[in-house]
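Dear colleague,

Please find below the structure that I am handing over to you.

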Amino acid sequence: MSASLKRALKVYRLHAGGCNNCDIEILALLIPRFDAERKLGIEIVHSPEDANVLVVTGPVTKQIKNMVLEVYEQVPEPKAVVVVGTCGLSGGVFGGGGVENYAIAGPIHKFIPVDVHVPGCPPKPEAIMRGIALAIQKLAEKASAKRNSAKDASLG
Amino acid sequence: MDSSELPEKIPRAPGDPPTAPEPAGLETGVPEGFRGLPKVDPDKCTLCGTCASECPAWAVERVQEGEIARRIFHVDRCIFCGRCAEVCPEGAVEMSTEFDLAHYAAEEPSYVVEARVAQCESCGKSFVVPRHLDAVGKLLEEKLDPSIRELVLRDYEEYKKLCPDCRRKRAEERFHPGKYEIGGGGR
């Protein structure tokens, strides 16, 4: 890993209108068999203000769109967004491939910048773990960029 | 459930570690019947588009640019249902066990099958991949009743060189000569 992280990885999980299966797989990631808390050092937090990684599932319904934006604003910089599941990536069966759906406002990359995609319906816990591992790399790069810019500002 | 039915401890095999090895699952494999990423054999594929019309998540895109036809398979849209493998008349699609597909958002993986398109002998319009015509011919030869096989295959040899519009015209001229005004309207 080229850049380093100074904080633990704190994950806030956001459900945006999917069928809940991806959330069940994320739950499976935390059981002793996969043990993401110990292997990756991630911690599930219950407020977006404590988080630095946002894990989003679901196709983003029109009802929940504003809530998603609000939560994204509350996560402090630097932050990374991981989208889990096909619905979140493209709409999936709720309108993938640019097909219009009256109830869906998503997919999520229309509103907020997304860093990592985890395809699957649902993805296996191992795939989600790989996705979060990619997010660590992205987050570390963003954190070091932020530190460098802060240093430049204090010097100049 | 009576509490006496519950095991005291969840049993596991001796020597079986409580936590999956690293990287989890990639070594331990997948259960039987697991559906991972669909893989297309580009040599078998005739670009008929059955997978594209059957896909419930619109994951297969049909593109035709000039003389080149493409079927683009978008990984980010696939729901791994296996419908494409089920309906493929050539058996060109197979569900692999690949599931470790996480990637950075900027680089969406997609698979492309492409082939050159044949032109209509009469009007010169590009309409179908020659491999598809051969596959249909083979299917006719296998499935048809022997009493009509010769007749149908002879017609097929003639009609397969024409696009759907010209084929319709040719049939009309043949069965009702001079009865109808041909051309205009239609699809």
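Arg83(B) is partly exposed, because its relative accessibility of 29% falls between the cut-offs of 20% and 50%. Please bear in mind throughout that this is a predicted model.

Salt bridges within chain B

Arg83(B) forms a salt bridge with Glu86(B), and the closest N and O atoms of the two are 2.7 Å apart. Both residues belong to helix α2 of chain B (residues 83-87), and because they are three residues apart there, about one helical turn separates them. Glu86(B), with a relative accessible area of 61%, is exposed. The pair also takes part in a network of salt bridges that links Glu54(B), Arg83(B) and Glu86(B).

A salt bridge also joins the side chains of Lys39(B) and Glu98(B), at 2.9 Å from N to O. This pair links distant parts of the chain, 59 residues apart: Lys39(B) is in strand β1 (residues 38-40) of chain B, whereas Glu98(B) is in the loop between β4 (93-95) and β5 (103-104) of chain B. Lys39(B) is partly exposed, at a relative accessible area of 33%, and Glu98(B) is partly exposed as well, at 32%.

Asp155(B) and Arg174(B) form a further salt bridge, with their closest N and O atoms 3.4 Å apart. Asp155(B) lies in helix α4 (residues 146-159) of chain B and Arg174(B) in helix α5 (residues 164-175) of chain B, so this pair ties together parts that are 19 residues apart in sequence. Arg174(B) counts as partly exposed, at 39% relative accessibility. Over all chains, the count comes to 16 salt bridges.

The interface of chain A and chain B

How many salt bridges are counted between chain A and chain B? The count is one. The side chains of Arg130(A) and Asp100(B) meet in a salt bridge, at 2.7 Å from N to O. Seven residue pairs are in polar contact across the interface of chain A and chain B, with both residues of each pair at pLDDT 80 or more.

On the side of chain A that touches chain B, at least two residues are supplied by each of α2 (36-39), α4 (86-90), β5 (116-118) and α5 of chain A. The largest share of that side, seven residues, comes from α5(A). By class, the side of chain A that touches chain B has 12 nonpolar, 10 polar and nine charged residues.

In terms of contact, 31 residues of chain A meet 28 residues of chain B. The two chains bury about 2,400 Å² between them, and 62% of this is on carbon and sulfur atoms. His117(A), Pro119(A) and Lys124(A) supply 22% of the area that chain A buries against chain B, more than any other three residues.

The strands β5(A) and β5(B) pair in the antiparallel sense, over two bridges. Val116(A) stands opposite Tyr104(B), which is in β5(B).

A residue in helix α5 of chain A

Is Gln137(A) buried or exposed? Gln137(A) counts as buried, because its relative accessibility of 19% is under the cut-off of 20%. Gln137(A) has its place in helix α5 (residues 125-155) of chain A. Its C-alpha atom is separated by 9.7 Å from that of Ala80(A), a residue 57 residues apart from Gln137(A) along the chain.

With kind regards

How values were computed
Residues are numbered from 1 along each chain as its sequence is written. Chains are lettered from A and ligands numbered from 1 in the order in which they are written. This is a predicted model: local features need pLDDT of at least 70, side-chain atom pairs count only at pLDDT 80 or more; totals for chains, interfaces and linings use all residues. Side-chain values use heavy atoms; hydrogens and water are left out. Helices (H or I, at least four residues) and strands (E, at least two) are DSSP runs, numbered from the N terminus. Buried means under 20% relative accessible area, exposed over 50%, partly exposed in between (1.4 Å probe, protein chains only). A salt bridge is a side-chain nitrogen of Lys or Arg within 4 Å of a carboxyl oxygen of Asp or Glu. Contact means heavy atoms within 4.5 Å. Buried area is the accessible area (1.4 Å probe) that two parts lose on being put together, summed over both. A polar contact is a pair of N or O atoms within 3.5 Å; within protein, one must be able to donate a hydrogen and the other to accept it, and residues adjacent in sequence count only if both atoms are side-chain atoms. Ala, Val, Leu, Ile, Met, Phe, Trp, Tyr, Cys and Pro count as nonpolar, Asp, Glu, Lys and Arg as charged, and the others, Gly among them, as polar. Two strands pair if DSSP finds at least two bridges between them.
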